[in-house]
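Subject: the structure I promised you

Hi,

Here is the structure for you to open while you read. My notes on it follow below.

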Amino acid sequence: MKIPQQRDIIFIDFDPSLGKEIQKRRPGLVVTNNEFNKRTGFCYVCPISSTKRKAPLYVDLIVEGETSGISGQISVHQMRSMDYTKRKFQKVAVCDLATFSAVLERIEAFVSLEN
C-alpha cells in the first residue's frame, strides 16, 4: 500500500462535507509527518482551491518541478484528518519547502495555546 508523504500534493475526495466545508475530489497538501501517516493510516491534508483569496489562512501554492498543472491556494484553516486507505489518494506533485514552511507557520498560529 502506498503511504502519502509529508509535502506530497495528492488528489483525494473531501466528500462527504457539511456546511461550508470544502467539497469534492481535489488536490490537497499532506502536512503530517511520514511516521504518523504510516502508523495510523491517516494523514492531515490542507485542501487546495483554485479560487484566490486575500486572507492570512490561505497560502499561494508553489510546486517543485511545476509539471503537475496544479495551481491555487492552500486553505490552511480547512485542514482535515483523512483515512487515505479508504479515500483512494493519488500523488501528483511535491510542495515547495518555503511554501510548506509558510503553511506550518499558519497552522501553529491557530493551534498554539492562548496566553
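The side chain of S17 has a polar atom 2.7 Å from the backbone oxygen of I22, and a polar atom of that side chain also lies 2.8 Å from the backbone oxygen of F14. You'll find S17 in the loop between β1 (8–13) and β2 (25–30). Helices (H or I, at least four residues) and strands (E, at least two) are DSSP runs, numbered from the N terminus. Is S17 buried or exposed? At 16% relative accessibility, S17 counts as buried; buried means under 20% relative accessible area, exposed over 50%, and partly exposed in between (1.4 Å probe, protein chains only). Leaving out residues up to four places away in sequence, S17 touches I22, Q23 and R80, where contact means heavy atoms within 4.5 Å.

Before you go further, a word on where this comes from. It's a predicted model, so local features need pLDDT of at least 70 and side-chain atom pairs count only at pLDDT 80 or more, while totals for chains, interfaces and linings use all residues. Residues are numbered from 1 along each chain as its sequence is written, and side-chain values use heavy atoms, with hydrogens and water left out. As for pLDDT, that is the predictor's confidence in each residue, from 0 to 100. The chain has a mean of 91, and 95% of its residues reach 70 or more.

Most residues other than glycine have a negative phi, and most peptide bonds are trans. P16 sits in the loop between β1 and β2, and the peptide bond from D15 to P16 is cis, with omega near 5°. K24 is in the loop between β1 and β2 too; it is not a glycine, yet its phi is positive, about 70°. With a relative accessible area of 48%, K24 is partly exposed. Elsewhere, K88 in the loop between β6 (80–83) and β7 (90–94) also has a positive phi, near 50°, without being a glycine. K88 is exposed, at 66%.

Now the inside. A nonpolar core is a set of buried Ala, Val, Leu, Ile, Met, Phe, Trp, Tyr and Cys residues joined through side-chain atoms within 4.5 Å. The largest one here has 17 residues, and I9, L29, V31, L61, I74 and V103 have the most contacts inside it. I74 touches a whole list of residues beyond four places away in sequence, including L29, C46, L61 and V103. Apart from this core lies another, of 10 residues, among them I10, C43, V45 and M82.

R7 is in the segment before β1 and is buried, at 19%.

How many disulfides does the structure hold? A search of the whole structure finds 0, taking a disulfide as a pair of cysteine sulfur atoms within 2.5 Å. The closest cysteine sulfur to that of C43 is in C46, 11 Å away, so it is too far for a bond. For C95 the closest is again in C46, at 9.8 Å, which is also too far. C43 is buried, at 0%, and C95 is buried at 0% as well.

Last, the rings. There are 2 aromatic pairs; rings of Phe, Tyr and Trp (its six-membered ring) pair if their centres lie within 6.5 Å, and planes under 30 degrees apart count as stacked, over 60 as edge-to-face and the rest as tilted. F36 and Y44 have ring centres 5.9 Å apart and planes at 45°, so that pair is tilted. Y84 and F89 are edge-to-face, 5.8 Å centre to centre with 90° between the planes. Y84 is buried at 4%, and F89 is buried at 13%.

Have a look around, and write back with questions.

Cheers

Terms used:
A polar contact is a pair of N or O atoms within 3.5 Å; within protein, one must be able to donate a hydrogen and the other to accept it, and residues adjacent in sequence count only if both atoms are side-chain atoms.
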